[in-house]
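Biologist: I have the model open next to the sequence. Can we walk through a few spots?

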Amino acid sequence: MVLKKLLKLFGVGKKKDPKKKGAVPHSTVNGLLDPCSSGAGTVLSLQKLDPECSSIILSTINASHGSENDDYKLFNQFDVVQDFSDHHYAKTSPGKTTKDWVKAIQNEWKLLQRDLPESIYVRVHEDRIDLLRAAIIGPSGTPYHDGLFFFDIRFPPEYPRCPPKVHYHSGGLRLNPNLYESGKVCLSLLNTWWGTGCEKWGKSNSTILQVLVSIQGLVLNDKPYFNEPGNKSSANTPLGEKNSMAYNQTTFVLSCRTMLYSLRKPPKHFETLVVRHFHERERAILDACDAYSSGMVVGSLVRDGVRYPCDKCFAGFKKSLDAHTEHLAKELATNRARALELKRDAPAADEIVSTS
């Protein structure tokens, strides 16, 4: 089977599960979600409000939209899975929960199904509805472009009175002032950073969708150097902009290392996304590496013609980038072989089962 073969390619041994998980097609939102908007709207009403709600949602999904088996190429933006054994919060007990807690998570699921942007993917757990995993594609025009960034999320028993817990898959790298090597995510909406009013979590108007969109748009931005409070005062000054450009150089190299980390050890249920995404973006990634190595400013479009001065700072960046580009090119070539093998096995699409 195609996904079994994919897991084998990554060295992951798995027994086939007879159950097939459902999926829903995605819809998109235009631009960034207003952090002061709840994003609420008319949603499907489910009859039960018990811990088995995930199975109810799953049945609804299957009946309305079919399953991921319809086309091996599709990687649904939202899907329900079973095995989250590698989830950061897998060993954390859900704790004592209430019907209101279940209902709040049901509403989060329905909002995600309906409004996820095209560049964000989510998997939720059928039996542990407190767990969620998301993949965010780095925005263009930033040092994070074309990267995949993974986050494990947990809804605590006090939710939605308090915000969800979020852990970033850092691979031990610090590529943003808000994303720590430990996996800590500093964000006002998570109450892990200072903020006022609607910038902070509100039990009646904040959602996990806002959290994901905020990470993508506000954290993974074009000048992350100024995310650090101590650096904000130097914005729009010659020294501040120089430091920002140097920070972007380091950040892009770390982003390349994160790509390597994801290619070599993709999180569960996102193996197909990793293969497809990096296969589709391989040329763009390597072209960007070549352009930046030749002097183009990180995050700028090649046609802009903005170049770095040939100083020692750039020389060090070029040496580091060239070394990582070589490793990345080899790993992307290996990934290309995985993608081609999946394509050759396309006729067997009806045999695909969920990665759960």
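Biologist: Start with Ser170. What does Ser170 touch, leaving out residues up to four places away in sequence?
Modeller: Ser170 touches Tyr180, Glu181 and Gly183, where contact means heavy atoms within 4.5 Å. This is a predicted model, so local features need pLDDT of at least 70, side-chain atom pairs count only at pLDDT 80 or more, and totals for chains, interfaces and linings use all residues. Residues are numbered from 1 along each chain as its sequence is written, and side-chain values use heavy atoms, with hydrogens and water left out.

Biologist: Is Ser170 buried or exposed?
Modeller: Buried, at a relative accessible area of 7%; buried means under 20%, exposed over 50% and partly exposed in between, with a 1.4 Å probe and protein chains only.

Biologist: And what does the side chain of Ser170 reach?
Modeller: The backbone oxygen of Glu181, at 2.6 Å.

Biologist: Where is Ser170 placed?
Modeller: In the loop between E6 and H4. Helices (H or I, at least four residues) and strands (E, at least two) are DSSP runs numbered from the N terminus.

Biologist: Switching to helices. How do H3 and H4 cross?
Modeller: Their axes come within 9 Å and cross at roughly 45°. The axes are lines fitted to C-alpha atoms over the stretch in contact, with angles from 0 to 180 degrees between N-to-C directions. H3 and H4 are therefore oblique to each other; under 35 degrees counts as roughly parallel, over 145 as roughly antiparallel, 65 to 115 as roughly perpendicular and the rest as oblique.

Biologist: Which residues make that contact?
Modeller: Glu108, Leu111, Leu112 and Asp115 from H3, with Ile208, Leu209 and Leu212 from H4.

Note on methods: A polar contact is a pair of N or O atoms within 3.5 Å; within protein, one must be able to donate a hydrogen and the other to accept it, and residues adjacent in sequence count only if both atoms are side-chain atoms.
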